[in-house]
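Thank you all for coming. Please take a moment with the sequence and the structure before I start to talk.

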Number of protein chains: 2
Amino acid sequence: MGKMQYDRILLSHGSGGKLSHELIEKIFLPVFRNPLLEPLDDGALIKFESTSLVMTTDSYVVDPIFFPGGDIGKLAVSGTINDLAVMGALPKYLSLGLIIEEGFFLRDLKKIVESIHQTCERAGVQIVTGDTKVVPKGMMDKIFINTSGVGVLQEGFKLTGRLNSGDKIIINGAIGDHGTTILALREGLNLNTPISSDCAPLNGLIQSLLPYGEHIRIMRDPTRGGVATTLNEIAKACHKGLIINQETLPIRKEVQSLCEILGIDPLYMANEGKVIIIASNEVAKEIVSEMGKHPLGEKACIIGEVVEEFSGKVVLETEYGSRRILDMLTGEQLPRIC
Amino acid sequence: MGKMQYDRILLSHGSGGKLSHELIEKIFLPVFRNPLLEPLDDGALIKFESTSLVMTTDSYVVDPIFFPGGDIGKLAVSGTINDLAVMGALPKYLSLGLIIEEGFFLRDLKKIVESIHQTCERAGVQIVTGDTKVVPKGMMDKIFINTSGVGVLQEGFKLTGRLNSGDKIIINGAIGDHGTTILALREGLNLNTPISSDCAPLNGLIQSLLPYGEHIRIMRDPTRGGVATTLNEIAKACHKGLIINQETLPIRKEVQSLCEILGIDPLYMANEGKVIIIASNEVAKEIVSEMGKHPLGEKACIIGEVVEEFSGKVVLETEYGSRRILDMLTGEQLPRIC
């Protein structure tokens with residue numbers, strides 16, 4: 001294992017940003033390295049004779065557990081479905097691992113269970129196995145949920161990860177809603193215009209893009225660390241530069257002003273119902289128009305493009321034409337955001 | 001959803017015993033009911049064209065996280081492998097979901113990661129996907145681990161769950177080691193004869209029984225709730241009576257005397273490297289002898305048999321010929337045992 005900067009776990013090790021990457025690269029990967037794990041994608045691609053499966057896992061520790069637009073149950077199902085969908089898989093089966101604090105109200109558990117069910121129904125997936133552990137009061141906070149998922153790879157999505165100059169970067173709607181909602185709630189901010197989490201299962205939307213599957217290079221859901229961190233991961237993995245046009249970024253006014261109050265850039269705010277798609281220039285507009293037909297893609301738009309320069313970097317171009325490097329999230333902006 | 005006895009989660013809801021069953025039957029099953037989930041086995045059987053897969057999940061919250069015979073990492077891998085193996089599957093792929101408390105020592109994380117790896121190597125399984133969340137200090141206790149697993153069903157294991165009178169109940173070794181070890185450690189008991197957890201992946205041992213696959217009716221790992229609870233689950237599901245001969249029960253002297261001091265019956269103590277097998281009378285002795293060749297089955301023996309009477313019940317026959325009903329665990333004997 002590699003030498004780490006710190007001898008204890010910091011909140012930043014769970015941020016999805018730089019220290020998370022360090023943890024994976026220095027602690028986990030040297031030990032667990034294998035060809036299925038190594039791509040470090042959102043899930044693992046498993047070939048089974050004729051069928052290829054994708055497997056993924058995610059734990060959810062969001063605080064508060066109920067929030068405008070969703071709850072920890074909806075989040076846990078949506079998040080794992082989205083990880084499968086962006087891998088080009090048709091999500092099929094989920095496992096449900098609950099860790100619950102002693103004294104947790106059953107009425108709250110019922111609400112969460114109902115929400116999990118509704119999200120599964122909506123997305124057409126099934127919970128096929130589960131496990132519940134209860135931890136004595138005070139030894140944890142309320143409820144943590146792990147959802148692992150298995151999906152069937154759809155060969156129509158090529159997702160080579162090979163980017164060409166001129167490829168377009170597409171997102172299906174407004175940035176930063178989930179993170180801003182949770183943070184505003186925790187800070188007790190009283191909002192004139194209420195905002196809500198974008199938390200949603202994206203498999204239906206993504207499925208509708210299968211006809212363009214050969215022209216889609218990569219799909220990613222910009223959760224922890226936000227759009228900026230996800231774009232950085234793509235730029236690094238694909239050895240290309242990504243230029244983002246600030247004025248095209250879809251950000252709700254309410255989210256923008258809250259972020260200004262909180263001193264946080266919405267580009268680093270977690271999203272839970274967004275997908276970033278990089279596709280060839282020739283079909284980019286068609287993809288945007290196709291996404292526009294789906295309720296979760298109405299605000300889809302092109303936010304930037306792939307360039308030869310700035311290899312491995314993300315560059316934000318402002319409306320005045322100035323450019324600055326948009327780095328990966330460093331430190332922990334917001335623990336327990338998902 | 002059904003009406004529950006309590007309005008809050010009790011530790012007993014996580015015990016694997018009666019209240020756990022109530023939680024599953026009244027809260028989870030009415031909502032999530034589907035044919036894959038409904039058998040409520042240790043994993044879900046998923047048919048994929050020619051290949052059938054088994055999927056399972058388990059979270060581990062054991063306290064302390066390091067103990068004689070293992071640690072939370074070895075436990076998490078072994079437990080999920082065992083759930084797959086007792087379903088008749090060849091365990092193949094695991095996901096690893098870590099939830100870590102801020103401030104947790106990296107040296108401890110490294111030890112756990114190493115232990116996870118060694119257990120995977122030993123069992124021939126791979127970690128193919130993972131996720132890490134960090135929770136602020138004080139909001140949880142040290143580290144919780146979820147492992148979900150996928151295995152390939154081995155058609156040679158029939159595991160019909162249909163029991164016949166005269167079928168024999170077999171176990172691969174001593175009862176109660178894991179639970180007693182953890183409890184003694186927590187109580188700070190100073191032991192003359194140190195005991196240690198039986199925590200181990202059983203897939204190799206179980207695989208060696210494939211030649212008897214047609215004669216094995218059911219396999220189960222008696223973890224939370226112990227042998228008594230697992231036998232009760234089998235008796236209820238299979239509508240037969242199970243008679244256990246007390247004098248044949250393999251229990252280490254040290255475990256027996258510790259259990260007496262602690263006032264707990266080893267039959268209710270968790271095991272993490274044990275499998276209960278019910279097989280036809282004709283091959284039972286051969287199975288015991290085959291198990292005896294494996295390091296994890298050296299102490300294998302027949303502990304009882306299936307009878308027509310006492311349908312749905314487990315009966316313990318003492319050495320003096322008296323009989324008493326052995327009920328499922330009620331209440332929570334020991335939180336955070338696994």
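I will go from the whole chain to the pairing of the copies, and then to a few single places.

First, a word on conventions: this is a predicted model, in which local features need pLDDT of at least 70 and side-chain atom pairs count only at pLDDT 80 or more, while totals for chains, interfaces and linings use all residues. Residues are numbered from 1 along each chain as its sequence is written, chains are lettered from A and ligands numbered from 1 in the order in which they are written, and side-chain values use heavy atoms, with hydrogens and water left out.

Let me begin with chain A, whose secondary structure comes to eight helices and 14 strands; these are DSSP runs numbered from the N terminus, with helices being H or I of at least four residues and strands being E of at least two. How does the radius of gyration of chain A agree with that of a compact globule? For 338 residues such a globule would be near 20 Å, and chain A has 19 Å, which agrees; the radius is taken over C-alpha atoms, and the rule is 2.2 Å times the number of residues to the power 0.38. The C-alpha trace of chain A spans about 55 × 55 × 50 Å along its principal axes. Buried residues account for 63% of the 338 in chain A, where buried means under 20% relative accessible area, exposed over 50%, and partly exposed in between, with a 1.4 Å probe and protein chains only. Of the contacts in chain A between residues at least 6 apart in sequence, 83% join residues at least 24 apart, a contact being heavy atoms within 4.5 Å.

Now to the two copies.

Leaving aside residues up to four places away in sequence, Q154(A) touches G88(A), A89(A), L90(A), Q207(A) and L210(A).

In chain B, helix 4 (residues 177-187) is mostly covered, with eight of its 11 residues buried, among them H178(B) and I182(B). The cover over the buried residues of this helix includes strand 3 (66-67), helix 2 (72-86) and helix 7 (253-262) of chain B. After helix 4 of chain B comes G188(B), with a positive phi near 70 degrees.

Finally, some backbone details. D63(A) and P64(A) are joined by a cis peptide bond with omega about 5 degrees, and a cis peptide bond with omega about 5 degrees also joins D63(B) and P64(B). H239(A), which is not a glycine, has a positive phi near 55 degrees; this residue lies in the loop between helix 6 (226-238) and strand 10 (241-245) of chain A, and is exposed at 57% relative accessible area.
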